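Please keep the sequence and the 3D view at hand while reading.

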Amino acid sequence: MTRLIQFRALLAIILLASACTKKSGEMPATEEKTEEREGQPSQVQRITLQIEATFDALSDGARIVAPVALDRRYQKITKTEHGIEPKQKGMSGVPERSADKENLIFVSGPISVPKATYKANYDVEIRSMKPGVFDSIAGQAYGEFNDPKLKAALKAVANPAADPHGVVAAAFKTAKAQADVDAYTLASSFSEALKQGGVPHRLVQGLLLGDGSAKPHVWTEVLLPQLGWAPFDPYSARSAADDDTAYSGQHPPDRLRVLFGDAFALAKKADRPELALKSPFLSPRALIPGADGSVKEVAGKVTYTVASSK
């Protein structure tokens with residue numbers, strides 16, 4: 001009996017030592033640390049979003065295309081519906097994945113009426129939280145990311161910046177100083193400076209959510225040590241106080257991310273050629289085929305309606 005008790009005690013000590021060794025030897029990489037922050041309490045905003053885009057004087061065979069919001073970090077699409085009115089056979093269409101698999105785009109069937117309306121309805125959950133402070137990574141170089149997509153984004157940069165904080169801070173300051181340019185142009189200029197400085201980034205085309213409505217907007221997400229993908233919005237920051245960090249590295253609850261990037265291609269189908277959509281692609285548009293095989297992109301009259309939901 002005594003030997004049995006001693007054996008059980010020894011086994012317990014061995015198991016405890018093994019568990020401690022495993023815990024201390026598995027240091028979480030950057031993305032795991034980021035995910036730990038995501039597990040902290042956060043405020044969830046639930047909204048409904050309705051989009052209507054009406055197009056007049058459509059020629060036979062025109063199609064309507066529209067950017068479609070997906071589940072992204074800090075946002076969840078719990079319901080989505082898309083369609084064309086008036087409803088006619090073959091016109092309704094479906095969302096399709098872009099060639100790079102990063103985005104979703106609604107494409108209608110060929111339209112046979114001169115006037116049509118695209119309608120979309122969303123139920124969305126948006127989380128608002130502070131994953132980290134931009135200035136806390138000053139002087140830090142890139143480490144190893146656990147997430148395969150983050151690894152790929154960093155690997156795509158030939159010479160990553162030794163001090164990404166310094167590169168981003170300087171580029172952001174320069175971008176904020178630019179005047180008389182729209183959000184897309186400013187975000188593109190900021191992104192180009194990051195590219196030259198060796199900092200992974202991606203253009204974000206989405207919506208700013210206001211009181212009862214929304215409007216198209218463009219900003220940039222930057223891949224940073226410890227923080228992962230962090231948004232930077234030099235256009236909105238131009239009107240903010242100099243010490244306001246709300247548009248540099250935080251995840252504000254007033255926006256919906258819809259598309260990543262600035263080039264959107266859709267694969268060829270049996271009833272249509274490959275589609276290459278021009279940027280900025282901020283709202284629904286009609287593609288009107290020409291007699292010479294060209295395609296004219298036409299904007300419609302678009303309204304956005306936003307309401308809080310339980």
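## Strands and pocket

Strand β10 (residues 255–260) is mostly covered, with 6 of its 6 residues buried, where buried means under 20% relative accessible area with a 1.4 Å probe and protein chains only. The model is a predicted one, in which local features need pLDDT of at least 70 and side-chain atom pairs count only at pLDDT 80 or more, while totals for chains, interfaces and linings use all residues. Residues are numbered from 1 along each chain as its sequence is written, and side-chain values use heavy atoms, with hydrogens and water left out.

Strands here are DSSP runs of E with at least two residues, helices are runs of H or I with at least four, and both are numbered from the N terminus; two strands pair if DSSP finds at least two bridges between them.

| Strand pair | Bridges | Direction | Opposite residues |
|---|---|---|---|
| β7 (201–209) and β10 | 5 bridges | antiparallel | Gln205 and Leu259 |
| β3 and β6 (116–128) | 10 bridges | antiparallel | Lys76 and Glu125 |

By class, the lining of the largest pocket has 14 nonpolar, 6 polar and 17 charged residues, where Asp, Glu, Lys and Arg count as charged, Ala, Val, Leu, Ile, Met, Phe, Trp, Tyr, Cys and Pro as nonpolar, and the others, Gly among them, as polar. Helix α5 gives the most to this lining, with 5 residues.

Technical notes:
Buried means under 20% relative accessible area, exposed over 50%, partly exposed in between (1.4 Å probe, protein chains only).
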